[in-house]
Amino acid sequence: MSFLDSLFGRKVEVATEEVAPESDVVVANPDALPIHVTDDTFDELVLSSPLPALVDFWAPWCGPCRMIAPIVEDLAKTYDGQAVIAKMNTDDEAETPGQFRIMAIPTMILFKDGEEVERMVGLRQKNAIAEALDKLLQE
């Protein structure tokens, strides 16, 4: 009798077949990464961009920031060529986070035509961030 059989008091069939990958996930460029912006490059790479932009304000010591990092990297791959996906280290850069009144991290701000259009503070799931980006791209 296996462990599962004894746990459930009956014979338990364990599925061993592989699960097919999600077919609705589209990756524009599997090699794309978020760009790292500084106080000096923020205006040029984010505010002056012809594309909408998502900026992740983060710090290396921030646990939730480290948890969201792979999500931001996935978004950079998915939205390559459609949106600018950027990261700004708030420990290294003070002017821009101050200008946008970043009071907690992670904070993600969506920009379009140089203007803030949405702000997400705290850890968010990938689908919530992607929905906000999709909405912005449809406008």
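User: Is Lys126 buried, partly exposed or exposed?
Analyst: Lys126 is partly exposed, at 31% relative accessibility. Buried is under 20% relative accessible area, exposed over 50%, partly exposed in between, with a 1.4 Å probe and protein chains only. This is a predicted model, in which local features need pLDDT of at least 70, side-chain atom pairs count only at pLDDT 80 or more, and totals for chains, interfaces and linings use all residues. Residues are numbered from 1 along each chain as its sequence is written, and side-chain values use heavy atoms, leaving out hydrogens and water.
User: What does Lys126 form a salt bridge with?
Analyst: Asp74, with the closest N and O atoms 3.7 Å apart. A salt bridge here is a side-chain nitrogen of Lys or Arg within 4 Å of a carboxyl oxygen of Asp or Glu.
User: How many salt bridges does the structure hold?
Analyst: Three. One of them joins the side chains of Asp56 and Lys87, at 2.9 Å from N to O. Asp56 lies in strand β2 (residues 53-58) and Lys87 in strand β3 (residues 84-89), 31 residues apart.
User: Is Asp56 buried or exposed?
Analyst: Buried, at 0% relative accessibility. Lys87 counts as buried as well, at 7%.
User: Which residue does Glu116 meet in a salt bridge?
Analyst: Arg119, at 3.0 Å from N to O. Glu116 is partly exposed at 34%, and Arg119 is partly exposed at 31%.

Key:
Helices (H or I, at least four residues) and strands (E, at least two) are DSSP runs, numbered from the N terminus.
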